[in-house]
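Colleague: Could you walk me through this protein model while I look at it? I'm new to this, so please take it slowly.

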Amino acid sequence: MTAADFRPVLAQDALSGHSVIVTGAGSGIGRAIALRLLALGARVTGVGRRAETLEETGRMAGADAAYAAEVCDVREADAVEALVARVGEAHGLTGLVNNAGGQFFARAEDISPRGWQAVVNLNLNAVFAITRAARPYLEASRGAVVNMSLSPVERGAIGMSHSLAARAGVLAMTRALALEWGGQGIRVNCLGPGTVLTPALADEAHAPHVAKLVAGVPLGRATSPEEVAELTAFLISPAGALMTGQLIQIDGGAHLGVPVNMLGEDGA
Ligand SMILES: CCCCC/C=C/C(=O)SCCNC(=O)CCNC(=O)[C@H](O)C(C)(C)COP(=O)(O)OP(=O)(O)OC[C@H]1O[C@@H](n2cnc3c(N)ncnc32)[C@H](O)[C@@H]1OP(=O)(O)O
Ligand SMILES: NC(=O)C1=CN([C@@H]2O[C@H](COP(=O)(O)OP(=O)(O)OC[C@H]3O[C@@H](n4cnc5c(N)ncnc54)[C@H](OP(=O)(O)O)[C@@H]3O)[C@@H](O)[C@H]2O)C=CC1
């Protein structure tokens with residue numbers, strides 16, 4: 001099956017009545033998630049630093065879509081808490097998708113203390129602040145949190161020590177919150193996409209590494225943003241009602257690493 005064969009499976013109104021915040025909704029995976037949640041009937045608040053790209057997501061969804069763009073740096077804890085409270089009071093909150101994130105790629109010895117802090121602030125501290133702010137609204141709705149992680153989060157990768165440390169922190173937090181908040185009806189999960197060919201990875205500097213990564217995927221191809229979006233929608237919908245505390249890899253088997261092959265054959 002190629003990425004072009006992918007077909008969404010959730011019923012058209014699977015998320016009607018839902019109100020979801022999606023961070024990083026102005027590009028790549030976050031935009032695909034916002035568009036899918038909107039198509040399934042949810043109200044979506046898209047968060048990011050750039051108004052133009054967030055507004056473009058709204059235009060792509062169409063005039064009937066219940067979409068609002070909110071410009072906010074998720075690393076500004078006070079601003080993010082105020083934003084969550086505004087959305088929660090106005091519309092309630094049934095879902096939070098912590099998708100905003102990223103890193104520069106560098107060996108550990110080339111990461112300055114400020115560089116480390118910048119990446120950990122974005123990929124861990126900001127996720128804690130917004131999730132904590134969302135808790136009362138999610139408790140009221142018995143809602144769900146989806147945290148975007150990375151397929152290599154449990155096995156490591158070269159050039160990503162800062163980002164993987166932060167994502168491993170998010171994974172530990174995900175499991176702790178699934179336990180702490182399960183009694184309040186709140187579910188918390190992580191997704192581990194493999195290589196997703198978004199514009200963020202499409203520049204010349206990354207192209208050769210990215211091609212190698214994709215060539216090594218057991219199922220032979222990259223993950224599409226639409227596949228990540230469908231899984232996110234599933235986890236927020238009632239279909240995911242019993243799923244919590246999980247890392248769900250959506251990477252064609254890439255997290256399994258280079259195979260130990262005792263038969264010396266190519267492929268399985
Ligand atoms: C199989 C899975 C593979 C998938 C791989 C993953 C793919 C993705 O995640 S794709 C998504 C990619 N998107 C992004 O990364 C976008 C988000 N990234 C950012 O916004 C930034 O890179 C940032 C948050 C990580 C940093 O932003 P900011 O706080 O604005 O940083 P500054 O420019 O102020 O710099 C702070 C600090 O960091 C040092 N630094 C920046 N770039 C590098 C570099 N390439 N190498 C080394 N150090 C770097 C910078 O020099 C500053 O430190 P000081 O110089 O000590 O002040
Ligand atoms: N592409 C890939 O192969 C993979 C990506 N991922 C993860 O998926 C997520 C999305 O990646 P992708 O779509 O490829 O990359 P993008 O760079 O397109 O998306 C990152 C989004 O986060 C937003 N963002 C970044 N920093 C902040 C901030 N401080 N405050 C608010 N919003 C912010 C950006 O918007 P703005 O600049 O307007 O603020 C942007 O929309 C990231 O967490 C990434 O690490 C995981 C596995 C693989």
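Modeller: We can go from the overall fold to the ligands and then to a few single residues. Please keep in mind throughout that this is a predicted model.

Colleague: Okay, how many helices and strands does the protein have?

Modeller: The protein has seven helices and seven strands, and if you read along the sequence they follow the pattern β-α-β-α-β-α-β-α-β-α-β-α-α-β.

Colleague: And what is its radius of gyration?

Modeller: The protein has a radius of gyration of 18 Å, which agrees with the value near 18 Å that a compact globule of 268 residues would have. Along its principal axes, the C-alpha trace spans about 60 × 45 × 40 Å.

Colleague: What share of the residues is buried?

Modeller: Buried residues make up 44% of the 268 residues. As for contacts between residues at least 6 apart in sequence, 75% of them join residues at least 24 apart.

Colleague: Switching to the ligands, which residues are closest to ligand 2?

Modeller: Ligand 2 is surrounded by 28 residues, and the closest are G24, G28, R49, R50 and G101. The elements that give two or more residues to this shell are α1 (28-39) and β2 (43-48), and the largest share, three residues, comes from α1. By class, the shell around ligand 2 divides into 11 nonpolar, 13 polar and four charged residues.

Colleague: Since α1 came up, is that helix mostly covered or uncovered?

Modeller: Helix α1 is mostly covered, with 11 of its 12 residues buried, among them G28, I29 and G30. Its end C-alpha atoms are 17 Å apart, which agrees with the 16 Å that its 12 residues should span at 1.5 Å a residue. The helix is followed by G41, whose phi is positive, near 100°.

Colleague: And which residues come nearest to ligand 1?

Modeller: Of the 21 residues around ligand 1, the nearest are G102, F104, S112, G115 and A118. Helix α4 (residues 113-141) gives the most to this shell, with five residues, and by class the shell has 12 nonpolar, seven polar and two charged residues.

Colleague: Where does α4 bend?

Modeller: Helix α4 bends by about 45° at N121. It has 29 residues and reaches 40 Å from its first C-alpha to its last, which is close to the 42 Å expected at 1.5 Å a residue.

Colleague: What follows that helix?

Modeller: After α4 comes R142, whose phi is positive, near 55°, and R142 sits in the loop between α4 and β5 (144-148).

Colleague: Why does R142 count as partly exposed?

Modeller: R142 counts as partly exposed because it has 13 C-beta neighbours inside 10 Å, whereas a residue needs 20 or more to be called buried and 12 or fewer to be called exposed.

Notes
Residues numbered from 1 in each chain as written. Chains lettered and ligands numbered in written order. Predicted model: local features only at pLDDT ≥ 70, side-chain atom pairs only at ≥ 80, totals over all residues. Helix = DSSP H or I, 4+ residues; strand = E, 2+ residues; numbered from the N terminus. Rg over C-alpha atoms; globule rule 2.2 N^0.38 Å. Contact = placed C-beta atoms within 7 Å. Near = placed C-beta within 6 Å. Nonpolar A, V, L, I, M, F, W, Y, C, P; charged D, E, K, R; others polar. Expected span 1.5 Å × (residues − 1). Bend = angle between axes of the 7 residues up to and from the residue.
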